[in-house]
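Have the sequence at hand as you read.

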Amino acid sequence: MDHNRTPLFTALTEHAARRPIQFHIPGHKTGAGSDPEFRSFIGDNALSIDLINIAPLDDLHQPTGVILEAQQLAADAFGAEYTVFSVQGTSGAIMTMIMSVVGEGDKIIVPRNVHKSILSAIIFSGAKPVFLSPVSDPNLGIDHGVTTSSVRKALKRHPDAKAVLVINPTYYGVCADLKEIVQLVHSYDIPVLVDEAHGALIHFHDDLPLSAMAAGADMAATSVHKLGGSMTQSSVLNIQGPRVNQRRIQTIISMLTTTSTSYLLLASLDTSRRKLALEGKAMAEHAIGLAQYARKAINEIPGLYCFGEDILGTEATFDYDPTKVTVHIRHLGMTGYDVENWLRDRYNIEIEMSDMYNILCLVTPADTKQNIDILLEALSVLAEEHAHNEANELVVKIPEIPQLSLTPRDAFYGDTELLPFKESAGRIMAEFIYVYPPGIPILLPGEVISQDNIDYIVDHLTVGLPVKGPEDRTIEFVKVIVETKPIF
């Protein structure tokens with residue numbers, strides 16, 4: 001295929017150049033009706049291609065023209081048989097792939113440390129999750145992925161599962177042996193779904209982990225916007241193999257997608273695919289080089305540690321993506337949240353996320369050595385200022401996976417009441433509690449709340465980490481399932 005082509009973006013610019021008289025939405029009509037300050041800032045070029053699914057521009061819900069061509073080029077670039085564009089972010093792509101293979105009562109095997117979009121799809125579909133425990137890292141205080149052996153045990157117990165979902169790579173860039181997991185699951189003739197939100201670049205360089213498509217997975221939701229250069233909220237769903245139904249996938253994503261699809265987002269996917277297909281290896285190599293330069297320098301700063309190849313060698317740490325720079329900061333006597341705020345206030349640096357013991361910095365093809373050097377200078381000053389602090393005690397007390405007493409759907413839509421969170425031990429949760437980023441639930445609908453869960457969440461709230469989810473944003477009260485009163 002000719003990856004110099006951008007069929008959708010070209011069609012948009014040619015249509016805008018013709019300056020047709022518009023009697024359709026959007027009402028700003030190429031910017032004429034926009035707020036003047038916003039129009040001046042965003043520019044008439046962008047507003048001129050903020051269009052809708054008129055005939056020359058195809059329709060994302062049933063593509064037959066330039067969008068279909070753009071998706072075919074993307075499939076070729078990502079090594080898939082078929083690719084669907086998502087303007088609902090990777091969350092929409094993840095929900096699509098789950099809801100296309102499971103229905104009410106069907107089992108799906110998933111890691112417990114999954115993104116909330118996965119559990120949202122499980123609620124909408126009425127599926128029954130079979131949870132796998134991720135491998136905890138006692139040195140870093142984080143979770144990695146699941147192992148082949150844990151997937152094998154789950155399949156032996158639940159051979160009737162309709163799908164297995166894995167994360168590759170994790171938010172911190174760590175991977176299990178995805179190819180081995182795919183081969184195992186396929187031996188049961190079950191599809192493998194991959195949350196590849198943080199793996200847009202891995203398709204384009206051999207020094208990065210194996211991509212889901214290269215490993216033989218059936219579907220993978222990939223955030224092109226996170227690392228591949230497209231606009232926020234634009235992603236792709238890559239598909240291959242006979243275990244999934246492409247027509248059903250198109251139907252499901254259409255059900256989940258706005259009918260007023262953003263052509264700005266679609267155009268950014270089309271053009272980002274071109275850049276990745278033509279320059280992806282060089283782009284990835286640039287990011288890898290900067291990240292490894294940063295990693296080496298960080299490990300020379302007293303009190304800081306940034307893992308790399310030294311972490312490899314276990315089932316859960318088969319490979320890693322070096323562009324994810326995780327800095328372990330607990331020896332400075334600070335939390336990751338403290339460091340995130342310090343970097344913002346002192347150096348105007350914004351990082352990807354923080355947790356109790358780490359900060360995560362994403363290095364992308366858009367970064368420069370100058371950016372990295374500013375980060376290194378900031379971390380050096382940080383370490384020097386806090387060199388005499390007593391290290392935080394590493395207490396990885398992530399609670400056991402709670403007992404799932406109701407399906408998430410039954411709990412979410414069940415009869416509920418509000419209860420003080422600190423008094424809710426033993427009750428069944430009816431909403432989510434998660435830390436965002438990365439959006440991994442600590443409690444989800446249908447799980448029995450334990451005192452360990454309560455203590456863990458209160459600890460996160462105390463240090464200021466972003467705990468979210470309940471309707472009561474203060475998390476003083478939570479929704480629980482109403483208990484049936486005994487009859488005497």
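Let's begin at Glu-471, which touches Glu-431 and Lys-479 when residues up to four places away in sequence are not counted; contact here means heavy atoms within 4.5 Å. With Lys-479 there is also a side-chain polar contact of 3.2 Å. A polar contact is a pair of N or O atoms within 3.5 Å; within protein, one must be able to donate a hydrogen and the other to accept it, and residues adjacent in sequence count only if both atoms are side-chain atoms.

A word on the model itself: it is predicted, with local features needing pLDDT of at least 70 and side-chain atom pairs counting only at pLDDT 80 or more, while totals for chains, interfaces and linings use all residues. Residues are numbered from 1 along each chain as its sequence is written, and side-chain values use heavy atoms, with hydrogens and water left out.

Where does Glu-471 sit? Its place is the loop between strand 19 (467-468) and strand 20 (477-481). Helices (H or I, at least four residues) and strands (E, at least two) are DSSP runs, numbered from the N terminus. Ala-430 is likewise found in a loop, between strand 16 (416-420) and strand 17 (433-435), whereas Asp-270 belongs to helix 12 (residues 263-298).

The table gives the accessibility of each residue, where buried means under 20% relative accessible area, exposed over 50%, and partly exposed in between (1.4 Å probe, protein chains only).

| Residue | Relative accessible area | Class |
|---|---|---|
| Glu-471 | 62% | exposed |
| Ala-430 | 3% | buried |
| Asp-270 | 0% | buried |

Leaving aside neighbours within four places in sequence, Ala-430 is in contact with several residues, including Phe-412, Pro-445, Lys-479 and Val-480. From Ala-430 to Ala-297 it is 133 residues in sequence and 46 Å in space, C-alpha to C-alpha.

Asp-270 has a side-chain polar contact of 3.0 Å with Arg-273. Beyond four places in sequence, the contacts of Asp-270 are Thr-6, Pro-7, Leu-8, Phe-9 and Ala-70.

**A covered strand**

How many residues of strand 8 (residues 192-196) are buried? Five of its five are, and the strand is mostly covered. In a regular strand the side chains alternate between the two faces of the sheet. Here Val-192, Val-194 and Glu-196 point one way, while Leu-193 and Asp-195 point the other way.

Strand 8 pairs in the parallel sense with strand 6 (residues 163-167) over four bridges, and Leu-193 is the bridge partner of Leu-165. Strand 9 (residues 219-222) also runs parallel to strand 8, joined by four bridges, with Ala-220 as the partner of Val-194. Two strands pair if DSSP finds at least two bridges between them.

**The second largest pocket**

The second largest pocket holds about 300 Å³ of space. On a 1 Å grid over the protein atoms alone, a pocket is an open set of points where a 1.4 Å probe fits, with protein on both sides within 12 Å along at least five of seven lines, and lining residues have an atom within 4 Å of a point. The volume is the space filled by probe spheres set on the points, which are joined across faces, edges and corners.

Of its 14 lining residues, Ile-349, Glu-350, Cys-361, Leu-362 and Asp-367 lie nearest the centre. Strand 15 (358-362) and helix 14 (369-385) each give two or more residues to this lining, and helix 14 gives the most, with four.
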